[in-house]
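Try each task before reading its solution.

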Amino acid sequence: ASAKTVTAARVVVAKGALNVKNDTRRSISGHPSWKRLASTVNYDIVGLSAEVGYDDVGQGELAGIYEFGSSRRGPHPTLYPAADREAPRFERAILDVGVKALGW
């Protein structure tokens, strides 16, 4: 792939990760007990992939309990639903990059 195509794909991946991060933060920030957890949501980009998740700092160390629940608390899934909402936009954008690269 050309350097332009790789750069364009990286921009799409970064935008998708940012959208998932922001959507997750919005979902958490309204929760009265867990609102500080929102500030621990972040993402890292390596190559042409991104990883969105919680930083292990402060309340972020308890993110697993929030997301998946415990024996006493029900789950509050926010990362997967945010990724599901972003998926159609991401797929369209990355397809556009591929179409432009092929010259169609």
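**Exercise 1.** Does Glu86 count as buried or exposed, and why?

Solution. The model is predicted. Start with the cut-off: buried means under 20% relative accessible area. Glu86 has 5% relative accessibility, so Glu86 counts as buried. Finally, list its contacts. Leaving out residues up to four places away in sequence, Glu86 touches Gly16, Asn19 and Val20.

**Exercise 2.** Find which elements give two or more residues to the lining of the largest pocket.

Solution. Begin with the lining itself. Val13, Gly16, Ala17, Val20, Ala50, Glu51, Val52, Ala83, Glu86, Ala87 and Phe90 line the largest pocket. Helix 1 (3-29), strand 2 (49-54) and helix 3 (79-102) each give two or more of these residues. Now sort the lining by type: eight residues are nonpolar, one is polar and two are charged. The space in this pocket is about 190 Å³.

**Exercise 3.** Locate Val41 and decide whether Val41 is buried or exposed.

Solution. Val41 lies in strand 1 (residues 41-46). Its relative accessibility is 0%, so Val41 counts as buried. Beyond four places in sequence, Val41 touches Lys21, Thr24, Arg25, Ile28, Val52, Gly53 and Tyr54. Its C-alpha atom is 7.8 Å from that of Gly60, 19 residues apart along the chain.

**Exercise 4.** Name the residues of the largest nonpolar core.

Solution. The core has nine residues: Ile28, Trp34, Leu37, Ala38, Val41, Tyr54, Ala63, Tyr66 and Leu79. Take Tyr54 next. Setting aside neighbours within four places in sequence, its contacts include Ile28, Leu37, Val41, Ala63, Tyr66 and Leu79.

Definitions and conventions:
Residues numbered from 1 in each chain as written. Predicted model: local features only at pLDDT ≥ 70, side-chain atom pairs only at ≥ 80, totals over all residues. Heavy atoms only, no water. 1 Å grid on protein atoms, 1.4 Å probe; cavity = no way out; pocket = protein on both sides within 12 Å on 5 of 7 lines; lining within 4 Å. Points joined across faces, edges and corners; volume = space filled by probe spheres on them. Helix = DSSP H or I, 4+ residues; strand = E, 2+ residues; numbered from the N terminus. Nonpolar A, V, L, I, M, F, W, Y, C, P; charged D, E, K, R; others polar. Core = buried A, V, L, I, M, F, W, Y, C linked by side-chain atoms within 4.5 Å. Buried < 20%, exposed > 50% of the residue type's maximum accessible area, 1.4 Å probe, protein only. Contact = heavy atoms within 4.5 Å.
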